Every structure is written in structure tokens, then in C-alpha cells.
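Subject: Handover of a structure and the findings on it

Dear colleague,

Please find the structure below, followed by an account of what was found in it. I would be grateful if you could read the two side by side.

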Amino acid sequence: MELEKRRLKREFLTMTKMVGMYCVRFHNGARDKLCDECEEFLGYAQRRLAKCPYEEKKPTCTNCPIHCYKKAQKQRASEIMRYAGPRMLTRHPYLAITHILDGFRKAPPPMEQRQLKKQRQPKEKIQE
Ligand code: SF4
Ligand SMILES: [Zn+2]
């Protein structure tokens, strides 16, 4: 699945790095190969990102009023963040700093955002 928007691609890259660090530490995963459980979690996160209505204006999921993750995956995401979040600053500083900056972005209420997305869609299709 290819994510179209730059913001979503960056988010996925950040998520991939964090899941990788978590998997190496807790599941004896290899740096270039996740265990099945983490692979499945990352696939889930990618599908959620592909449907994220905020697109380029995506806030951090922690600050999102929608919270589209199911309970179990949300819990796993928190565990991953707790372990990998503080380590990102030294290992992937660019991704860590941009994620901190994303945390300052205010997310519009979900209904408002969905309406904006609907209004934008026909224009984007015409431009293609
Ligand atoms: S939790 Fe919110 S910001 Fe995160 S992917 Fe879902 S809708 Fe987008
Ligand atoms: Zn794993």
C-alpha cells in the first residue's frame, strides 16, 4: 500500500523506525526483519494512515480527537512510543524533531475535517 501524502509517508517512516527498535528489544527481531506480530501491527498502522482524514495536516495520533485505533492496537502503539520515543532523538533526530513539531498542530473537530476533505476531493480529481 503506497501512502500518497508526504506527511503520511513521514509518519509511516517514523512508525517503522520505532516499531523496529521495539521489536529488536522485546521480540528479538532483526533490524531489517520484524517479527510477525510487529509486521501485523505496522500493516494496521499503515491502513489507518491511509484513511486518516487529516492528510497533510495530520496531528500526532495522541492529540487526535478521532482516535481511530482499536483498543489493543492503541495500547501497543503506547508501549512502542514509551520505549522508542525517547530513543528517537539520538537515533533519528530529524524524525523525532518533526514529530515533536507535529505535536503542536491542533486538529480540527472530526466532522469539520471530513467535510473539508469531501470539498477538496472533486478539485483534486480534476487536477489529476
Ligand atoms: S488517530 Fe487520528 S491522526 Fe492518527 S491516523 Fe487515526 S485519524 Fe489520523
Ligand atoms: Zn516484534
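Does Glu-55 count as buried, exposed or partly exposed? Because Glu-55 has 17 C-beta neighbours inside 10 Å, it counts as partly exposed; with C-beta atoms placed from the backbone, 20 or more others within 10 Å make a residue buried, 12 or fewer make it exposed, and anything in between is partly exposed.

As to conventions, this is a predicted model, in which local features need pLDDT of at least 70, side-chain atom pairs count only at pLDDT 80 or more, and totals for chains, interfaces and linings use all residues. Residues are numbered from 1 along each chain as its sequence is written, while chains are lettered from A and ligands numbered from 1 in the order in which they are written.

The loop between H2 and H3

Glu-55 lies in the loop between H2 and H3; helices (H or I, at least four residues) and strands (E, at least two) are DSSP runs, numbered from the N terminus. The phi angle of Glu-55 is near 45°, a positive value in a residue other than glycine. His-67 also belongs to the loop between H2 and H3, and its phi, likewise positive in a non-glycine residue, is near 50°. His-67 is exposed, because 12 other C-beta atoms lie within 10 Å.

Ligand 1

The residues that surround ligand 1 are Arg-48, Leu-49, Cys-52, Tyr-54, Lys-58, Pro-59, Cys-61, Cys-64, Ile-66, His-67, Cys-68 and Tyr-69, where a residue counts as near if its C-beta atom, placed from the backbone, lies within 6 Å of the molecule. By class, this shell holds 9 nonpolar, 1 polar and 2 charged residues; Ala, Val, Leu, Ile, Met, Phe, Trp, Tyr, Cys and Pro count as nonpolar, Asp, Glu, Lys and Arg as charged, and the others, Gly among them, as polar.

Ala-107 is placed in the loop between H4 and helix H5 (110–127). Leaving out residues up to four places away in sequence, Ala-107 touches Tyr-54, Pro-59, Asn-63, Cys-64 and Pro-65, contact being C-beta atoms, placed from the backbone, within 7 Å. Ala-107 and Pro-59 are 48 residues apart in sequence and 5.9 Å apart in space, C-alpha to C-alpha. With 18 other C-beta atoms within 10 Å, Ala-107 is partly exposed.

The nonpolar core

The largest nonpolar core has 19 residues, and those with the most contacts inside it are Met-18, Val-19, Tyr-22, Cys-23, Cys-38, Ile-80 and Ala-84. Such a core is a set of buried Ala, Val, Leu, Ile, Met, Phe, Trp, Tyr and Cys residues joined through C-beta atoms within 7 Å. Two or more residues of this core come from each of helix H1 (6–26), helix H2 (36–50) and helix H3 (71–91), and H1 gives the largest share, 6 residues.

Ile-80 is found in helix H3 and is buried, because 22 other C-beta atoms lie within 10 Å. Beyond four places in sequence, Ile-80 touches Met-18, Val-19 and Tyr-22.

Helix H3

The buried residues of H3 are Arg-76, Ala-77, Ile-80, Ala-84 and Met-88, and what covers them includes H1, H2 and helix H4 (93–102). H3 bends by about 40° at Ala-84, and a proline, Pro-86, follows within four residues; the bend is the angle between axes fitted to the seven residues ending there and the seven starting there.

Yours sincerely

Note on methods: Contact = placed C-beta atoms within 7 Å.
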